[in-house]
Amino acid sequence: QVQLVESGGGLVQAGGSLRLSCAASGRTLSTYAMGWFRQAPGKEREFVAAISRSGGSTYYRHSAKGRFAISRDNAKNTVLLQMNSLKPEDTAVYYCAAAIVNLGSTVVINGVEYDYWGQGTQVTVSS
């Protein structure tokens, strides 16, 4: 089992940047495909970005392409989400998640396929 803890959220003005970090303990992250999701008040949780076990494959929601970048450092058991050009509509609680997969190149987009979740970190973008 792996425990995930997100950090790096906060309040930022539109156009600003934040870097979210997801630290894992309990097991090495190299075992898992990783993803970031978010949930705004009154809305369903939605996919943001995902990365394969190897880090060689990534996938983003359309609105995040060109603005967000997911990366991982398996040696440090950490996954990052660099968010640039933030917009008020990016305001949400951001969660990282880990999925058990067999192939190193698998990217997991569907939230129901994730096995472990962090507690979330709040991101607020003011206009």
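How much accessible surface does the protein chain have, and what share of it belongs to carbon and sulfur atoms? The accessible surface of the protein chain comes to about 6,300 Å². Of this area, 47% belongs to carbon and sulfur atoms. Accessible areas come from the Shrake-Rupley method with a 1.4 Å probe, and for residues only the protein chains shown count as cover.

The model is predicted: local features need pLDDT of at least 70, side-chain atom pairs count only at pLDDT 80 or more, and totals for chains, interfaces and linings use all residues. Residues are numbered from 1 along each chain as its sequence is written, and side-chain values use heavy atoms, with hydrogens and water left out.

The protein chain holds zero helices and eleven strands. Both kinds of element are DSSP runs numbered from the N terminus; helices (H or I) have at least four residues and strands (E) at least two. The order from the N terminus is β-β-β-β-β-β-β-β-β-β-β. The radius of gyration is 13 Å, close to the 14 Å that the globule rule gives for 127 residues, so the chain is as compact as a globular protein of that length. This radius is taken over C-alpha atoms, and the rule is 2.2 Å times the number of residues to the power 0.38. Along the principal axes, the C-alpha atoms fill a box of roughly 40 × 25 × 25 Å. Of the 127 residues, 43% count as buried. Buried means under 20% relative accessible area, exposed over 50%, and partly exposed in between (1.4 Å probe, protein chains only). Among contacts with a separation of 6 or more, 61% join residues 24 or more positions apart. A contact requires heavy atoms within 4.5 Å.

Strand E3 spans residues 18-25. Its covered face carries Leu-18, Leu-20, Cys-22 and Ala-24. Arg-19, Ser-21, Ala-23 and Ser-25 make up the uncovered face. In a regular strand the side chains alternate between the two faces of the sheet. E3 runs antiparallel to strand E1 (residues 3-7), with five bridges between them. Ser-7 has Ser-21 as its bridge partner in E3. E3 also runs antiparallel to strand E8 (residues 78-83), through six bridges. Here Leu-20 stands opposite Leu-81. Two strands pair if DSSP finds at least two bridges between them.

Arg-19 also lies in E3. Arg-19 counts as exposed, at 52% relative accessibility. Leaving aside neighbours within four places in sequence, Arg-19 is in contact with Ser-7, Gly-8, Leu-80, Leu-81 and Gln-82. The C-alpha atoms of Arg-19 and Gly-9 are 7.5 Å apart, with the two residues ten apart in sequence.

The structure holds one disulfide, a pair of cysteine sulfur atoms within 2.5 Å. Cys-22 and Cys-96 form this link, with their sulfur atoms 2.0 Å apart. The link is right-handed, with 50° about the S-S bond. Cys-22 lies in E3 and Cys-96 in strand E9 (residues 92-100), so the pair ties together parts that are 74 residues apart in sequence. Both cysteines are buried.

The largest nonpolar core has 29 residues. Such a core is a set of buried Ala, Val, Leu, Ile, Met, Phe, Trp, Tyr and Cys residues joined through side-chain atoms within 4.5 Å. Leu-4, Met-34, Trp-36, Phe-68, Leu-81, Met-83 and Tyr-94 have the most contacts inside it. At least two residues of this core come from each of E3, E4 (32-39), E5 (46-51), E7 (68-73), E8, E9 and E11 (121-126). Not counting residues up to four places away in sequence, Met-83 touches Gly-16, Ser-17, Leu-18, Leu-20, Arg-67, Phe-68, Tyr-94 and Val-123. Another core, of nine residues, lies apart from the largest one. Its members include Phe-47, Ala-97, Ala-99 and Val-101.

Ser-52 lies between E5 and strand E6 (58-60). Ser-52 is buried, with a relative accessible area of 0%. Beyond four places in sequence, Ser-52 touches Ala-33, Ser-57, Arg-72, Gly-104, Ser-105, Thr-106 and Val-107. Most residues other than glycine have a negative phi. Asn-77, not a glycine, has a positive phi of about 55°. Asn-77 sits in the loop between E7 and E8 and counts as buried at 16% relative accessibility. Ser-85 also has a positive phi, near 50°. Ser-85 belongs to the loop between E8 and E9 and is partly exposed, with a relative accessible area of 40%.
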